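Let's take a walk through this fold, one piece at a time. Keep the viewer open as you read.

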Amino acid sequence: MSVLSLKGVTKKFGGLTAVNDVNLDVNAGTIHGLIGPNGAGKTTLFSLITGFYTPTSGSILLNGKDVTLTSTSHRARKGLVRTFQGTVLFPDQNVAQNIANGMLATGAGSWTDWFSESQAYAKIRYQEVERLLQFARLSDLRNAAARDLSHGQQRVLGIAIALAAKPRVLLLDEPFTGMTASEKDRLVEMLQSIRQGGTTVVLVEHDMRTVMRLCEVITVLNFGSVLTEGTPEHVRRHPEVMSAYLGTTA
Ligand SMILES: Nc1ncnc2c1ncn2[C@@H]1O[C@H](COP(=O)(O)OP(=O)(O)OP(=O)(O)O)[C@@H](O)[C@H]1O
Ligand SMILES: [Mg+2]
């Protein structure tokens, strides 16, 4: 079953068509790769899916319901959560506070819960933050200011913040950028475990080895359009994919 469907989605910025008539179906419980050369439209597509942008034409369905014109926060409450390509954190807050912010940001706890700080709710919040700190292997750094973390740790923290919102569909924009080999291995395990927990993942990533390792299905974008889609093996063998990356197709 498709948790996320795009039907003929186009986004124009003035004369530039950043996303061109994209049809995409993401199956529940998969890690779906979205790849393509720089400027292919991947981040723009994420912004359309999450409601930061409105499509010029076409529609976006979440669990079969049309959300094309709904707000970002509505979609977040329905379980659609993204991370950003650059690291977006609350740099002066500590790691644990950053994760707690993620719970607030998308209504995993209501404002009333937070203001009243009932003991029961405070306990649930504390347990959830602890669980995510452990999951992200950031427990030892819980009191460190986010800005003092290494680049790789900041990216993992970004994912922990997104997970605090209890996503059903998690959109990750180049999460592996700047990570060491061991940080990459650990993040691969984290994503596999997120998938096992029932969250669908859409992964934008330039690191081909990692994409091939993780994804069941990969969609290739080029100049805003879908070039091809299929298994890692299909994409690896597709002659136009390599030339798109080398900049020899128009
Ligand atoms: N807000 C905007 N206004 C005008 N043009 C934009 C805007 N956002 C993106 N673009 C253009 O749309 C195209 C697609 O950009 P996008 O950032 O989606 O690519 P990308 O596939 O994420 O690239 P990268 O791999 O470098 O992150 C580019 O030509 C970009 O310059
Ligand atoms: Mg991008």
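R77 sits in helix α2, which covers residues 72-77; helices here are DSSP runs of H or I with at least four residues, and strands are E runs of at least two, numbered from the N terminus. This is a predicted model, where local features need pLDDT of at least 70 and side-chain atom pairs count only at pLDDT 80 or more, while totals for chains, interfaces and linings use all residues. Residues are numbered from 1 along each chain as its sequence is written, chains are lettered from A and ligands numbered from 1 in the order in which they are written, and side-chain values use heavy atoms, leaving out hydrogens and water.

R77 counts as exposed because its relative accessibility is 57% (exposed is over 50% relative accessible area, buried under 20%, partly exposed in between, with a 1.4 Å probe and protein chains only).

Now for the sheet. Four strands make up an open sheet, ordered β2-β1-β4-β5, with antiparallel pairing. At its edges are β2 (16-27) and β5 (65-66), each pairing on one side only. Two strands pair if DSSP finds at least two bridges between them. Strand β4 (residues 57-62) is joined to β5 by two bridges, and they run antiparallel. The bridge partner of L61 is D66 in β5.

What about helix α1? Eight of the nine residues of α1 (residues 42-50) are buried, so the helix is largely enclosed by the rest of the structure. Among the buried residues of α1 are L45, F46, L48 and I49. Just after α1, G51 adopts a positive phi of about 90°.
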